[in-house]
Amino acid sequence: ATHPPRASLRYPSGSARFLVGDYQASPDLIRDALESRRTRFGEDDPVVTHTKQVLGTVMVMGSRNWIDIDVDEAESLLADVLKRLESESRKDTTEYGFAALAFCGVLNHRVNREVEQARLLQEAMKAFAANPDTKQLGDAVWLSFNARVKSRLRQPAEAAKLYSQAVDLLRETLGDEHWAVMWIVPYYAEALADAKQFESAESILKEFESGLRESERTQHPYYARLIAVRALLLLRQGKTDQASVLGDQLIAGSNRSGNRVVNALWQLGQAHADAEDFKQAFKYQIAAVEGYREVDTNGDQHGQFFSYMLAGAGTAARELKKFEQSKQLLTEAVAVNSKAMGVEHEEVAKYVGGLATTLAETENFAAIKQLFQKHIDQLRASNAQAGGGMKQTLSELEKVLSASESSSSSAELAELNQLYEDTKSSLGDY
């Protein structure tokens, strides 16, 4: 049998998209090929099983780059692959090993399935060990798994040694530019940095950056990822100016949506805000916001972190007297943080206070009253009037009143003060 023309075009195209780091487009292309192959060959054909494995694996890799995926779909695809390979007595094949590893990635999104994840990892290692061509790959995966355990146990020097061995095996088996090598190198560098071996960490990152430049692959997301990690390491050493040079490279590049890239831009913004250089702070904070939006428009996946970025950009905008932009960003920060943390959380109240501070800059006290009234009503509706969220809300309202004492809008301020007094009084013995 031959593959249908549509699938033969779509499947390589989807794989190619994945290899260049387009984790958003590649699943749709591979999913299209899967449907075509199902129609042509039937559900039980090996080529359909293999396409399911590729699709599930690509989805898992995308999720590690903050791409929103259907975890249930990925689990169903890979569970079916494992079941079929097992029924065909093929648990000792590399195909089974890779499917098991991908399924371990799915289980990172699940709760209380660590035992199953450990079992699958062991089965993957057995499958790789059964094949001479992949034995080193299995050893590398096992080393990297143990390295992550050491990192979590705060044993960075031990983690770095294990990562070093894993990287060497992967380079020997797969080559320097394979995605698996590029994926593990940042973890290795971070372990070195945690062990205070900053020069070694920067050296390994620069080595791989140089390799990608020489092969003209600077547009690949992994190149941006390496630069981002190096920027983060420089920030940890207090070298903000050097980190900013790398941050500018990230802003100018075509890949700003990876988790480490967004984190580097956000932390650069924080560093400049701490130094009260709000022009630079805003530049990096807004770039972080825009990069995050590319993969998660509404902050559904990492709402708390996204709200930090929005708040940072909004605060910097206020300091630059960009009040309308500050208002928009901080309004969104309140909404995203409320959804992520719950309206009763004290953090939400602080964000409400931040938005109120921006509104106070233009003496929009009517909007401030409406803002606080809405939040207080939400707290009461959720039966949280006695909690820390209400106390923090009153504290934020008091700060706004104190900072606005010299305002000429005495009538509106009086109404705002009345809201404060009425709310405080209604708490009674709380």
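This is a predicted model: local features need pLDDT of at least 70, side-chain atom pairs count only at pLDDT 80 or more; totals for chains, interfaces and linings use all residues.
Modeller: Let's start with how helices are named: helices (H or I, at least four residues) and strands (E, at least two) are DSSP runs, numbered from the N terminus. Residues are numbered from 1 along each chain as its sequence is written, and side-chain values use heavy atoms, with hydrogens and water left out.

Biologist: What is the phi of Lys 196?

Modeller: Its phi is positive, about 65 degrees, although Lys 196 is not a glycine.

Biologist: Are Lys 196 and Glu 363 buried, exposed or partly exposed?

Modeller: Buried means under 20% relative accessible area, exposed over 50%, and partly exposed in between (1.4 Å probe, protein chains only). Lys 196 counts as exposed because its relative accessibility is 63%. Glu 363 has a relative accessible area of 34%, so it is partly exposed.

Biologist: How many helices and strands does the chain have?

Modeller: There are 20 helices and zero strands. The C-alpha atoms fill a box of roughly 80 × 50 × 45 Å along the principal axes, and of the 430 residues, 50% count as buried.

Biologist: How many residues of α3 are buried?

Modeller: 15 of its 18 residues are buried, so α3 is largely enclosed by the rest of the structure. For α3 (residues 46-63) that gives 26 Å, and its end C-alpha atoms are 26 Å apart, which agrees. Helix α17 reaches 23 Å from its first C-alpha to its last, close to the 22 Å expected.

Biologist: What covers the buried residues of α17?

Modeller: The cover includes α15 (303-319), α16 (323-341), α18 and α19 (388-403). In α17, 12 of the 16 residues are buried, among them Tyr 351, Leu 355 and Leu 359.

Biologist: Which residues have the most contacts inside the largest nonpolar core?

Modeller: In soluble globular proteins, nonpolar side chains tend to be buried together. A nonpolar core is a set of buried Ala, Val, Leu, Ile, Met, Phe, Trp, Tyr and Cys residues joined through side-chain atoms within 4.5 Å. Here the largest has 127 residues, and those with the most contacts inside it are Ile 204, Leu 205, Phe 208, Leu 250, Met 309, Ile 368 and Phe 372. Its largest share, 12 residues, comes from α11.

Biologist: How far is Arg 225 from the nearest side chain of opposite charge?

Modeller: Lys and Arg count as positive, Asp and Glu as negative; His and the chain ends are not counted. A salt bridge needs a side-chain nitrogen of Lys or Arg within 4 Å of a carboxyl oxygen of Asp or Glu. Arg 225, in helix α11 (residues 221-236), is buried yet has no salt bridge, with Glu 190 the nearest opposite charge at 7.0 Å. Contact means heavy atoms within 4.5 Å, and beyond four places in sequence the contacts of Arg 225 include Trp 183, Tyr 187 and Arg 260.

How values were computed. The expected span of a helix is 1.5 Å times one less than its number of residues.
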